[in-house]
Every structure is written in structure tokens, then in C-alpha cells.
Amino acid sequence: MIKKDKIDKEKLNKANSTLNKLLCNFIANKFLLTFRDQNGCIISQNKYASLCGLSSSTLSKIKSTSGYDMPMTTIYNICRHEKYSLKKLFDEFESKHGNNIPN
């Protein structure tokens, strides 16, 4: 039984890692290719991070190819700055990737 539990946990961890990577890539491509203020003007990553209430290093982690275990508050802060609802973001993510992320 212990071996099966370990295999199940490893499988879940791999699926979670895949989900984190896909979500980070989705958010990075949607919002973090060019940083803009709420007037649409191009700004620096540091300024964007400040407007979102995040650190610049957090944005770098999101943009990394390996992904990042992003807290929901980080997603919310980006959406709030972008005036984008969480529902719309996750609906678009689910439309693109489905609701059963493969491991």
C-alpha cells in the first residue's frame, strides 16, 4: 500500500508541476510580454511589478520556462491591474488546455 501511495503522490506532483508551468506560460504570454500601465503606456518590469503589488523577481519566475508555483493572490494582483476577471482568465485557460491537465 505504501508503494502505491508514493506512486500516486509522485503522479500528482508531476501533474501539479505541469499545471503550474502551463498557467505561468499562459499568464506570461497574455500579460507579461510587454509591460503596460493602466493607460496602455509601455513601462518597465519593475514599474509593472510595483503597480501589481508584486516583486520584479516574482514576474521573472512567472516568465521562466520552468514555471512557478504561483499563489492565487499573485494571479489576482495581475488580473486586478489588467482589469481582467479571474473567471475570464480561467475560462480562457480551460478553453486552451482543457480541464484535465495531463501529467
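**View 1. Buried residues of helix 4 in the predicted model.** Thr 74, Ile 75, Asn 77, Ile 78, Cys 79 and His 81 are buried in helix 4. The helix covers residues 72–82. After helix 4 comes Lys 83, which has a positive phi, near 55°.

**View 2. Packing of helix 4 against helix 5.** Two packed helices are described by the angle between their axes and the distance between the axes. For helix 4 and helix 5 (residues 86–97), the angle is about 105° and the axes are 10 Å apart. Helix 4 is therefore roughly perpendicular to helix 5, since angles of 65 to 115 degrees count as such. From helix 4, the contact involves Met 72, Ile 75, Tyr 76 and Cys 79. Helix 5 contributes Leu 86, Leu 89 and Phe 90. By type, the residues of this contact are 7 nonpolar, no polar and no charged. Ile 75 and Cys 79, which take part in the contact, are among the buried residues of helix 4.

**View 3. Packing of helix 2 against helix 4.** Helix 2 spans residues 45–52, and its axis comes within 9 Å of the axis of helix 4. The two axes cross at roughly 100°, so the helices are roughly perpendicular to each other. Tyr 48, Leu 51 and Cys 52 form the helix 2 side of the contact. On the helix 4 side are Asn 77, Ile 78, Arg 80, His 81 and Glu 82. The residues of this contact divide into 4 nonpolar, 2 polar and 2 charged. Asn 77, Ile 78 and His 81 belong to the contact with helix 2 and are also buried.

Conventions
Residues are numbered from 1 along each chain as its sequence is written. This is a predicted model: local features need pLDDT of at least 70, side-chain atom pairs count only at pLDDT 80 or more; totals for chains, interfaces and linings use all residues. Side-chain values use heavy atoms; hydrogens and water are left out. Axes are lines fitted to C-alpha atoms, for helices over the stretch in contact, and angles run from 0 to 180 degrees between N-to-C directions. Helices (H or I, at least four residues) and strands (E, at least two) are DSSP runs, numbered from the N terminus. Angles under 35 degrees count as roughly parallel, over 145 as roughly antiparallel, 65 to 115 as roughly perpendicular and the rest as oblique. Contact means heavy atoms within 4.5 Å. Ala, Val, Leu, Ile, Met, Phe, Trp, Tyr, Cys and Pro count as nonpolar, Asp, Glu, Lys and Arg as charged, and the others, Gly among them, as polar. Buried means under 20% relative accessible area, exposed over 50%, partly exposed in between (1.4 Å probe, protein chains only).
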